[in-house]
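Here is a short tour for anyone who likes to look at geometry before setting up a calculation. Please have your viewer open as you read.

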Amino acid sequence: MSEPPLLDKVIKNVQVVRPHQDAVELLDLGIKDGKFVEIAPNISATQAKEIFDAKNLLGFPGVVDAHMHIGIYQPLDQDAVTESKAAAMGGVTTSLNYIRTGQYYLNKGGSYQDFFPEVLALSAGNFFVDYSYHVAPIASRHIDEIPLLFTEHGISSFKIFMFYGGYGLHGLSDQQNLFLMINQEERYDFAHFEFIMRGITRLMEEYPTARDTISLSLHCEVAEILNAYTKIVANDSNLTGLSAYSAARPPHSEGLAICIAAYLAHETNCANINLLHLSSRKAMEAALTMQTAFPHINFRREVTVGHLLLDVDSPNGTWAKVNPPIRPRADVEYLWQAVLDNQVDWIVSDHACCSAEQKRSAKDPHNIWLAKSGFGGTEYLLSGVISEGSKRGMSYNHVAKLLSWNPSRRFGVLQKGDIAIGYDADLVLVNPNESFVVSAAESESQQGYTPFEGMELTARVKSTFLRGNLIYHNGQVVGSPTGSYLKRSILG
């Protein structure tokens, strides 16, 4: 009588890419109960209920896309389905999404005690990948709710949008209290940011074992600079399109905001600071300068795939409007050098599905001032970084570190980020020699366009596994949405 199989699945012939090793090694991966339990050459097929042949493709840890926006422009429950399908087709297995009260998202103000359970209810059963949320304290009352979000919902990461108090999501605005749905007497300003930091510092002190996975992320732009420059640039007929939008939100606004945020972090002893989507040389230089000035603050620096693949001369124009803006080519190359010099901690998509009908003015489609901000791109994150990174000498292992390991450690999804025994069996198989031309028509996203349209990428995702289950294979999303909410433990 033969022994029953010990493993649920063996994925054979994987060129395994790990974040902490220099080599890529041909191995088999044994999976049981959604975890990697055996990693070795030539695991016997008789040990497994199911065999999958990876055919010598590269195997990366499932991507942790640490900066996404689900439900910003579409109903959250619908957006979760289509945009997590797009994530799966790009090799993303963990989606970390920024959310807040106010206009867009659920279009509600009030307390997170009421708001966040609704977010979870709309999310449940709709994600094809595992997911969690970063939360922005918008109203002053939200600062007092930080411990509740942490203990009841496992939220350990928070956000500040530094420009929101005095500048609109898409351009000039003098109605930000209405936009944020806060009382007229409240101010979303530097003082509020300070008090958020103090609240997070208190949380770290109360839960010291979780300290390393509690953090604050900042979108760094200063409203006063944006207001002044937008008025100047909008009246200058010599500047149009992405070049105009970049000039209206100039890089020194990012740099100034970074310096202010860093000093406030120093003042409040808010130890874990994430500087989001750095888009320019000035922003990166300011971030590195602040790291030197305040070595006791644990800064992390983020860059998006959009800011690494696009520049102001990209042919798709208003489709690429985003905050902070797409920059000139010199900034793009500076960011790539920062990646290669290990000055960037992770790369993300900043995916925000904004349908074509919402994105562009039908009457004036090339008017950058009328376009909404943000676009999707999670489906091109891994392929884009491998394609452009390889041209510049970036190793596969470095890709795995920036797209999987580093964000998983920072944000407390500690079962993710590596191909290792005991970790979730999240795996993405990639052909590094299969070129394709980006076409929105092939995407699972409901967006209907992409600013990456027509770009040739030289690495293609072939299969994605979530906790050992195949969720994407050869151009098709497989099965039903089985993504789980990741409640990050208060034990760290």
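This is a predicted model: local features need pLDDT of at least 70, side-chain atom pairs count only at pLDDT 80 or more; totals for chains, interfaces and linings use all residues.

The sections below go through helix packing, aromatic rings, charges over rings and a few backbone details.

On the helix 7 side the contact is made by Ile225, Leu226 and Tyr229, and on the helix 9 side by His252, Ser253 and Leu256. Sorted by class, this contact of helix 7 with helix 9 has four nonpolar and two polar residues, with no charged residues.

Next, turn to helix 10 (residues 281–293) and helix 12 (residues 329–340), which pack at an angle of about 35° with their axes 8 Å apart. Here Arg281, Met284 and Glu285 of helix 10 meet Asp331, Tyr334, Leu335 and Ala338 of helix 12. The class count for helix 10 with helix 12 is four nonpolar, three charged and no polar residues.

## Aromatic rings

The structure holds 24 aromatic pairs. In one of them, the ring centres of phenylalanine 163 and tyrosine 164 are 5.0 Å apart and the planes lie at 75°, so this pair is edge-to-face. Phenylalanine 163 and tyrosine 164 are both buried.

Phenylalanine 163 also pairs with tyrosine 167: their centres are 6.4 Å apart and their planes at 70°, so the pair is edge-to-face. Like phenylalanine 163, tyrosine 167 is buried.

## Charges over rings

Which ring does the charged end of lysine 159 sit over? That ring belongs to tyrosine 98, and the charged end is 4.4 Å from its centre. Another example is arginine 460, which lies over the face of phenylalanine 436, at 4.4 Å from the ring centre.

## A buried threonine

Threonine 201 has its place in helix 6 (residues 190–206). Is this residue, threonine 201, buried or exposed? Its relative accessibility is 7%, so threonine 201 counts as buried. Beyond its neighbours within four places in sequence, threonine 201 is in contact with Thr268, Asn269 and Cys270.

## Backbone details

Most residues other than glycine have a negative phi, and most peptide bonds are trans. The peptide bond joining asparagine 323 and proline 324 is cis, with omega about -10°. Proline 324 is in the loop between helix 11 (305–309) and helix 12.

The other two places concern phi. Asparagine 42, in the loop between strand 3 (35–40) and strand 4 (51–53), has a positive phi near 55°. Tyrosine 105 has a positive phi too, of about 50°, although it is not a glycine, and lies in the loop between strand 7 (92–99) and helix 2 (112–123). As for accessibility, asparagine 42 is exposed, with a relative accessible area of 69%, whereas tyrosine 105 counts as buried at 7% relative accessibility.

Note on methods: Residues are numbered from 1 along each chain as its sequence is written. Side-chain values use heavy atoms; hydrogens and water are left out. Axes are lines fitted to C-alpha atoms, for helices over the stretch in contact, and angles run from 0 to 180 degrees between N-to-C directions. Helices (H or I, at least four residues) and strands (E, at least two) are DSSP runs, numbered from the N terminus. Contact means heavy atoms within 4.5 Å. Ala, Val, Leu, Ile, Met, Phe, Trp, Tyr, Cys and Pro count as nonpolar, Asp, Glu, Lys and Arg as charged, and the others, Gly among them, as polar. Rings of Phe, Tyr and Trp (its six-membered ring) pair if their centres lie within 6.5 Å; planes under 30 degrees apart count as stacked, over 60 as edge-to-face and the rest as tilted. Buried means under 20% relative accessible area, exposed over 50%, partly exposed in between (1.4 Å probe, protein chains only). A charge sits over a ring if NZ of Lys or CZ of Arg is within 6 Å of the ring centre and within 35 degrees of the ring normal.
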